[in-house]
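Q: I'd like to learn how to read a helix pair and a strand residue in a model like this one. Can you walk me through it?

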Amino acid sequence: MRWENLTDSDHARADGPALFGADAVTTRTVDTPEFRGITFHEVRARSILNRVPGASRMPFEWTVNPYRGCSHACVYCFARKTHSYLDLDTGLGFDSQIVVKVNAPELLRRQLASRRWQGEHVAMGTNVDCYQRAEGRYRLMPGIIEALTERANPFSILTKGTLILRDLDLLTRAARVTDVGISVSVGFTDTDLWRTVEPGTPAPERRLDVVRTLTEHGIGCGVLMAPVIPFLGDEPAQLRATVRAIAAAGATSVTPLVLHLRPGAREWFMAWLGQHHPHLVRRYERLYAEGAYAPKWYQRRITGQVHALAQEYGIGPARPGMPRRTGRTEHADPPPAEEPVQLSFL
């Protein structure tokens, strides 16, 4: 395992300064049902704020990723390739070999205090889910949220995990002093599809319960409708059922994203497809013949359908870029506890 090759960017090649050395790694297994078959590699990171490469399509420049690998085991996860930097398997290894940056909160607090840090927006959950099962054991997110709140540093969280509700009070407190965005990922509501492509995640209806709960507490929550999976989750009736459920949960926005298959994820997904839906393999090869992304015409078709449905059900697409303001003004007193706090995702 090449720990020395892990660089300080979760999106970079393994050609920069090592994020941590082999002497900083503790390997641990936990013999409880929820963690059976999972190995944790506890590391003390040297850096936690990661700059997103300029060529990235992401609408933000900085991320915090307290974990590598993800027990959600989504067969399409684009982050699978990052495990190869450690000589770890991008298939089952990605699902079960979880790297935990145990010093993430204290390290983030130190980096945010640096004179070089300008208070830029920090996105979380954009590589692997920061509220995956491991978070229930390691509890890194409360300290991370507190560190960002202390500096009134804007941030956003994208998750498929219901564990985010544990930190509801912390998120509400943060939103009183800075811009905070929350988005839950729900690409479809088909339970049969969910069981096979996202086997380690909470069910779609449970994720929508998260949206509903946040809304009931006055916290606006958007839904990233991702991924829309060609030929398996893109029928008009399926799209309508998903958007209708998202609207019923009280989401402030819905933003569709068609499945993309980057190297690492592509091989794993295509192997899964060949096992479960062999009749679709040739169709996928044609659809993704030009690279990781579906053709523009297909993306536009799905986006148009979802946006039309969202308008019909009274919700709209999220705006790109930074989260919307929470209504905070400089040096203003925080709102009383009972006043709703509005949050939105990118």
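Q: How far does the confidence go, then, and what is the average pLDDT of the protein?
A: The general idea is that where pLDDT is low, the predicted coordinates should not be read in detail. Here the average pLDDT is 86, with 82% of the residues scoring at least 70. Residues 5-18 fall below 50, and that stretch makes 38 contacts in the model beyond near neighbours in sequence. Residues 319-346 also have pLDDT below 50, with 56 such contacts.

Q: At what angle do the axes of H2 and H4 cross?
A: In general, two packed helices are described by the angle between their axes and the distance between the axes. Helix H2 (residues 104-112) and helix H4 (residues 141-150) have axes that come within 8 Å and cross at roughly 15°. H2 and H4 are therefore roughly parallel to each other. Their crossing is right-handed.

Q: Which residues make that contact?
A: From H2 you get Ala104, Pro105, Leu108, Arg109 and Leu112, and H4 brings Gly143, Ile144, Glu146, Ala147, Leu148 and Glu150. By type, that's seven nonpolar, one polar and three charged.

Q: And Ser185: buried or exposed?
A: Buried means under 20% relative accessible area. Ser185 has 5% relative accessibility, so Ser185 counts as buried. You'll find Ser185 in strand S9 (residues 180-185). Leaving out residues up to four places away in sequence, Ser185 touches Leu158, Thr159, Lys160, Arg207, Leu224 and Ala226.

Definitions and conventions: Residues numbered from 1 in each chain as written. Predicted model: local features only at pLDDT ≥ 70, side-chain atom pairs only at ≥ 80, totals over all residues. Heavy atoms only, no water. pLDDT = per-residue confidence, 0-100. Contact = heavy atoms within 4.5 Å. Axes fitted to C-alpha atoms, helices over the stretch in contact; angles between N-to-C directions. Helix = DSSP H or I, 4+ residues; strand = E, 2+ residues; numbered from the N terminus. Parallel < 35°, antiparallel > 145°, perpendicular 65-115°, else oblique. Left-handed = near helix turned anticlockwise from the far one by under 90°. Nonpolar A, V, L, I, M, F, W, Y, C, P; charged D, E, K, R; others polar. Buried < 20%, exposed > 50% of the residue type's maximum accessible area, 1.4 Å probe, protein only.
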